Amino acid sequence: MAARSLANYYRNRSAIDFMKTSPKRSEDEMIENELKAHLSKELSFQLPPTDPQTFLKSINERENGVKIQFLHGTTTLAFKFQNGVIVAADSRASMGSYIGSQTVKKVIEINPYLLGTMAGGAADCSFWERVLAERCRVYELRNKERISVAAASKLLANMVYYYKGMGLSMGTMICGWDKRGPGLYYVDSDGTRMTNYMFSVGSGSTYAYGVLDSGYRHDLQDEEAYSLARKAIYHATHRDAYSGGSVNLYHVRETGWIKVSQDDVFKLHYQYKDSQ
């Protein structure tokens with residue numbers, strides 16, 4: 001109402017009125033105070049409780065009738081072979097049956113020698129891996145050398161462990177190349193950290209593991225490794241409703257990572273079908 005009355009006040013005054021007279025200071029102050037009161041009331045934000053754990057329980061346990069579930073799905077994978085580490089992911093962002101985007105970048109470029117993947121909550125993964133990128137850069141400036149893959153993954157695990165039980169949803173892989181050679185670690189929001197030669201994370205990971213287990217060898221050539229990762233993600237998107245979009249494929253080498261390809265799974269479907 002205050003904004004409307006102010007608009008009517010100025011609309012009813014002509015240009016000549018403005019030229020001949022100027023509003024009194026007290027009138028200006030009155031209008032300004034009225035606007036401030038109006039805007040502060042209309043534009044105030046309702047913030048969630050300060051304790052995330054309590055907030056999440058209130059909307060997940062359905063005690064108050066609110067039926068909100070944090071559903072998410074994805075397919076990411078990474079494996080080591082003789083020429084480095086292959087990292088691949090789909091690009092669909094979903095919450096249950098709702099598809100928010102088909103072009104999400106789920107491979108996060110931490111620095112020229114480190115990559116992270118995104119599975120779980122998109123906001124949690126992207127935020128904490130950006131924080132990790134900052135910490136890695138600070139380490140590099142202080143010590144005059146790149147951080148190792150093991151140390152980077154340990155930093156991330158330590159950071160998220162502090163928030164254990166507070167509602168973070170994160171399952172990520174840290175992949176890179178350091179003085180020891182190629183490195184691959186899995187880190188989740190509970191602070192779990194482990195290393196292996198192969199990981200797949202997300203709702204479509206079981207389908208991806210089936211393809212990887214049947215075709216993986218350590219002595220794969222580059223093109224064979226690319227084809228295996230691409231095929232594993234495609235089959236996961238074909239069977240898992242929460243994965244889809246495109247296959248983003250990266251290769252981590254001694255000289256740093258490169259982005260190999262970005263393939264639409266729709267085109268891959270007919271490509272594989274025609275080759276049968």
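Figure 1. The model is predicted, with local features needing pLDDT of at least 70, side-chain atom pairs counting only at pLDDT 80 or more, and totals for chains, interfaces and linings using all residues. Residues are numbered from 1 along each chain as its sequence is written, and side-chain values use heavy atoms, with hydrogens and water left out. The protein has nine helices and 12 strands, taken as DSSP runs (helices H or I of at least four residues, strands E of at least two) numbered from the N terminus. Of its 276 residues, 40% count as buried, a term for under 20% relative accessible area, with exposed meaning over 50% and partly exposed the range in between (1.4 Å probe, protein chains only). Among contacts with a separation of 6 or more, 61% come from residues 24 or more positions apart, a contact being heavy atoms within 4.5 Å.

Figure 2. Phe79 counts as buried at 0% relative accessibility, and Tyr216 is buried with a relative accessible area of 19%. Ring pairs also link Phe79, Phe81, Tyr197 and Tyr216 into a cluster.

**Figure 3. Close-up of the open sheet E5-E6-E7-E8-E9.** Five strands form this sheet in antiparallel pairing, two strands being paired if DSSP finds at least two bridges between them. Strand E5 (107-111) and strand E9 (193-195) stand at the edges with a single partner strand each, so one side of each is left without a neighbour in the sheet. Neighbouring strands are turned by 25° against each other on average, direction ignored; axes are lines fitted to C-alpha atoms, for helices over the stretch in contact, and angles run from 0 to 180 degrees between N-to-C directions. E8 and E9 pair in the antiparallel sense over three bridges, and Val187 stands opposite Arg193 in E9. Helix H5 (residues 122-143) lies across E5, strand E6 (114-117) and strand E7 (171-178), running at about 15° to E5. Helix H6 (residues 149-161) packs on the sheet and touches E6, E7, E8 and E9, its direction making about 155° with that of E7.

**Figure 4. Close-up of the surroundings of Asn83.** Asn83 is found in the loop between E1 and strand E2 (84-89) and is partly exposed, with a relative accessible area of 29%. Not counting residues up to four places away in sequence, Asn83 touches Trp177, Leu220, Asp222, His251, Val252 and Arg253. The C-alpha atoms of Asn83 and Val252 are separated by 8.4 Å, although these residues are 169 residues apart along the chain.

Conventions. Rings of Phe, Tyr and Trp (its six-membered ring) pair if their centres lie within 6.5 Å; planes under 30 degrees apart count as stacked, over 60 as edge-to-face and the rest as tilted.
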